[in-house]
Amino acid sequence: MSDIRGPYHTRPPIMTVKVEDSMDIMIVRDTARRASSLLGFAPAHRAQLSSAAATLAELVLKTGEAHTIHLNGVIEGTRTGLQISSETPWLAGVSANNVLVALRSKLGDLVDEIILEGRETPVIIMVMWLDEAQSREAFDDGE
Amino acid sequence: MALEVLLVEDSKTQAAQIKETLESVGLRVRIAYDGPDGIREAIENPPALVVLDVKLPSMDGFQVCRRLKRNPATQDIPVIMLTEKAGPQATMSGLRAGADDYIPKDIFASEHLINTLQELGILE
């Protein structure tokens, strides 16, 4: 759990996938669907999250080195969401603004938030929040 | 009586595979091999669910989905898009067209399709 970064509190489910080859992109996509299903996301939102996770995995794979994608629940107040993140050391020193513009252009409206955290070892963090009613149910389940 | 699914898929091989998955969970399957036929079938004999391929001859799956969701006779029928186009733009296009889910045709597709059928109340 200590590897997970981001501005929000972590909650289950907590899943990780090591991305080493193109088969792993499918596994990331599948894991995102499972994690978002456990949190109570509707099928359409699960489709968005799995596509966002696969896009991050494709990006990671292009670097030619193995990386880990973290998928975990997050809480802020009574809000619950799913966070998808990965360390991106190759982005060290690159303007955060430029990275975020590129990511938003690629990912569009798939997720609610895209964050680049850290300077020496930046982490790309994407979050989608459940709507309020669904969040309450997920929050109660998680307690 | 088993619920009926309308499968709109131009590839006979893939249609047979998806049909087998749907029948394995007790659903009846009707197949349309292009978009216009799929729309006609859905209007004339509304199914419990439409499973729709994106890449279709003459009219793509996004157009078919939009037409089904605009027509009062078919707008409440859940639509699952099953597709090889799995990128962010295609996913959002499918969902904006009104699809209830957008599932890539990969090794997990059958499992995700069945999970979504349960979520949508098509399967118990």
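Two strands pair if DSSP finds at least two bridges between them. Strands (E, at least two residues) and helices (H or I, at least four) are DSSP runs numbered from the N terminus. The model is predicted: local features need pLDDT of at least 70, side-chain atom pairs count only at pLDDT 80 or more, and totals for chains, interfaces and linings use all residues. Residues are numbered from 1 along each chain as its sequence is written, while chains are lettered from A and ligands numbered from 1 in the order in which they are written.

**View 1. The open sheet of chain A.** Five strands of chain A are arranged in the order S1-S2-S3-S5-S4, with antiparallel pairing. S1 and strand S4 (113-117) of chain A form the edges, each with a single partner strand, so one side of each has no neighbour in the sheet. From one strand to the next, the twist averages 20°.

View 2. Seven bridges join S3(A) and S5(A) in the antiparallel sense. Gln83(A) stands opposite Val127(A), which belongs to S5(A). Helix H3 (residues 96-107) of chain A packs on the sheet and touches S4 and S5 of chain A. The direction of H3(A) makes about 150° with that of S4(A); axes are lines fitted to C-alpha atoms, for helices over the stretch in contact, and angles run from 0 to 180 degrees between N-to-C directions.

**View 3. The largest nonpolar core.** This core has 32 residues, and those with the most contacts inside it include Val28(A), Ala53(A) and Ile69(A). A nonpolar core is a set of buried Ala, Val, Leu, Ile, Met, Phe, Trp, Tyr and Cys residues joined through C-beta atoms within 7 Å; buried denotes 20 or more other C-beta atoms within 10 Å of a residue's own, exposed 12 or fewer, and partly exposed in between, with C-beta atoms placed from the backbone. H2(A) supplies the largest share of the core, seven residues.

**View 4. The surroundings of Ile69(A).** Not counting residues up to four places away in sequence, Ile69(A) touches residues including Thr16(A), Val28(A), Leu56(A) and Ile84(A). Contact requires C-beta atoms, placed from the backbone, within 7 Å.

**View 5. The contact between chains A and B.** Chain B contributes 17 residues and chain A 18 residues. On the side of chain B that touches chain A, helix H4 (88-96), strand S5 (101-104) and helix H5 (109-119) of chain B each give two or more residues. H4(B) gives the most to that side, with five residues.

Notes: Contact = placed C-beta atoms within 7 Å.
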